[in-house]
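Please open the structure in your viewer and keep the selection panel at hand.

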Amino acid sequence: MSSTETGIRALKGLAKHAELLVVAYESGSRLIPETQESEGAIRELLQLRLVDRQADDGAIRLNTVVTALLDHSLKTQRLKMFSADIGEALEGLEFLAQRYVQSKSSGVSGDSSKLLDELGGNVFELCDGLLSQAQSIWRQVEGDFGAVSQLETKMALNRNTLAKVNRILQSLELIDMAALYRISSRDRDLRKLLQVQLPEVIEQCRQILGDAIGRLNKMMFRLEQLATQATRVNQLVDYCNLHPGWQPQDYSGQLDVPTLFAAVKPIRPTANAHIRDESMELVFTEILEGLRKELPPDEDQRVEPISTDIKEQAQVTLDWGGFKQVVRQVFFRCLEEDREVSGLECYTSAPDGVDVELWLYALMAEYNAMKEEDRVLFKLDFPGEFDSVFDGNFHAQDVLLCPA
Amino acid sequence: MNTENQFSRIVEHLLAGGFICEHSDELAYEYLSVDTRRSDIDSYLRKIGRCLYATEGSVAFYAAYTSIDSNDRRQDVRSQFRETINSLEPLCRWLRLLASALQSEATLQPGDVLRQGELLNALGEAPALSEDLAGLCRSGLFYSKKLATSEQLEVVLAKLVDQGYLLRNTATGSLFTATGKWSYLYDVLEFIHTHETISAENDESREEQVDLPL
């Protein structure tokens, strides 16, 4: 059989079993189910080497050549399915480019010039659309989905954007660059548009979207981690509510203690001088000699007389600020109610921005600064405890203002 | 600070049972982020039967025993474990309370900043949360005789600072930063979730509750 006859036989075989092949292609698995009806067709397709029998499971699968042929034929159709805008724009570009080539070869320069202008405009529009779509997605990702604070919503937005990015990337993947290269190969202006400008933008978009995918995946991982941690916390609390006194098994008693529970017991580093160590004698002697030799620093005092003349000054009345007023109110309250008032308890009346320490110090300062005859009306008390190690330190936990 | 000082400071901190994260000690954390330096510290610790260990995602570093080959060491590990487990429930209750007060779906994370005033306001507006706080202070890790919510909050925050979970902002005193030690707690929770049957029983209990007739 000649090669021509073999080729014709193969193409006829394709046409005869077209439906079976396309169904297998569309199924995604590329497998042809072996039934009684398909038995003859499969035999014929195997003879024509259009399908292969898998060595491992014996399944009938479409040959890679047939798959590639269908991939190529359905490219534009699938591109339209993924992104109607891109698909249609590219179809328009191909059409205009072909018309331009035709009109240029027929020598109608006016037409070709108009067609080239239109083509340039369309390429610009497509590039602009692609870039702005990619940049808008990137802005969304970079802005961490704006003001959305709910974890669940953020995860949903993340998933949605990820699907969108994948869709655009698949669309870009389906653009038949070879066809555009073919059309534009013989014309310098076309090459500039279809072999330089458009591929550059497509590459730029791929770059942006690739980065966006990386960022989105990282963000998704973190969001899922946060959600899992919150779930674990809630699970444990709920479980403890249902089983009061529950404790996990003693992992520290196992032969192989998990590293997580093998954290070291704190060692408190201490240092003592070896005063009886003879080798240290020289060092200690030098220290002592050094101490004796150390003279008090010379003080060079210069006295500059300060004028004691008091110039006449206008009397200024200082207004009490809001903070002082609020502090004094606490003292009034103590007198009015004739009971002890806790500084922490009345912290709620402190002006905004004043932290608790400042508030307590203000109470003490007011007490210390008041006139003697006023001060005798009050007594300050500091409940707290002495430090367990440095018993010279007293940790006050509150300031109690009591009537004297 | 030179490298030698940094090295000894980090080793001493780790041996004292400390956790090193970028929020508690940025310099030390940066030091440990360099592979060669981290391996230097690890080698040094291994000579004395310890090793350098990191929580999930290397959020915090701490020292752990390489082997439990003596009774003393086993005793140490046991007491550490007991301490960790005993504080687990109160810490989780606190995390849940905090998330509810701050209306956040996520629990506290290393680097998060807590404002005492904001928390106090949130607790003031939600009596149920104040009751939860009071419950938390009735026993265990946060035990306190204080009755006022503000005092109880102060006790809890002070305890968390003491345990190394929070850092008190020295400038204001009422701002706190969460440290990487929380990541250790989350690791423990994950471990328990993997090895114990907590969630499954929870689900069963919930189903049982739903099926009860009114």
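The stops below pass from chain B to chain A.

This is a predicted model, in which local features need pLDDT of at least 70 and side-chain atom pairs count only at pLDDT 80 or more, while totals for chains, interfaces and linings use all residues. Residues are numbered from 1 along each chain as its sequence is written, chains are lettered from A and ligands numbered from 1 in the order in which they are written, and side-chain values use heavy atoms, with hydrogens and water left out.

**Chain B as a whole**

Select chain B, whose secondary structure comes to nine helices and six strands. Helices (H or I, at least four residues) and strands (E, at least two) are DSSP runs, numbered from the N terminus. Of the 214 residues in chain B, 46% are buried; buried means under 20% relative accessible area, exposed over 50%, and partly exposed in between (1.4 Å probe, protein chains only).

**The hairpin of chain B**

Next, select residues 50–54 and 60–65 of chain B, which are strand 2 and strand 3; these run antiparallel and are joined by five bridges. Two strands pair if DSSP finds at least two bridges between them. Arg50(B) has Tyr65(B) in strand 3 of chain B as its bridge partner. Five residues lie between the strands of this hairpin, where Gly57(B) takes a positive phi near 75°.

**Aromatic rings**

Show the side chains of Tyr53(B) and Tyr62(B). Their ring centres are 5.6 Å apart and their planes stand at 75°, so the pair is edge-to-face. Rings of Phe, Tyr and Trp (its six-membered ring) pair if their centres lie within 6.5 Å; planes under 30 degrees apart count as stacked, over 60 as edge-to-face and the rest as tilted. Tyr53(B) is partly exposed at 30% relative accessibility, whereas Tyr62(B) is buried at 2%. The whole structure holds 16 aromatic pairs over all chains.

Then select Tyr251(A), Phe261(A), Phe81(B) and Phe191(B), which form one aromatic cluster.

Returning to chain B, display Lys181(B): its charged end sits over the ring of Tyr165(B), 4.8 Å from the ring centre. A charge sits over a ring if NZ of Lys or CZ of Arg is within 6 Å of the ring centre and within 35 degrees of the ring normal.

**Two helices of chain A**

Select residues 18–26 of chain A, helix 2, in which Leu21(A), Ala24(A) and Tyr25(A) are buried. These residues cover an arc of only 100° around the axis, which puts them on the same side of helix 2 of chain A; the arc is that of the directions from the helix axis to the C-beta atoms. The face turned away from the buried side carries the exposed residues Glu19(A), Val23(A) and Glu26(A).

Move to residues 177–184, helix 9 of chain A, with Ala179(A), Leu180(A), Ile183(A) and Ser184(A) as its buried residues. Seen down the axis of helix 9 of chain A, they fall within an arc of 120°, so they line one face of the helix.

**A sheet and a strand of chain A**

Three strands of chain A form an open antiparallel sheet in the order 1-3-2. Its edge strands are strand 1 (31–32) and strand 2 (51–53) of chain A, each pairing on one side only.

Finally, select Leu400(A) in strand 8 (residues 400–403) of chain A. Leu400(A) is buried, with a relative accessible area of 12%. Beyond its neighbours within four places in sequence, Leu400(A) is in contact (heavy atoms within 4.5 Å) with residues including Glu340(A), Leu380(A) and Pro383(A).
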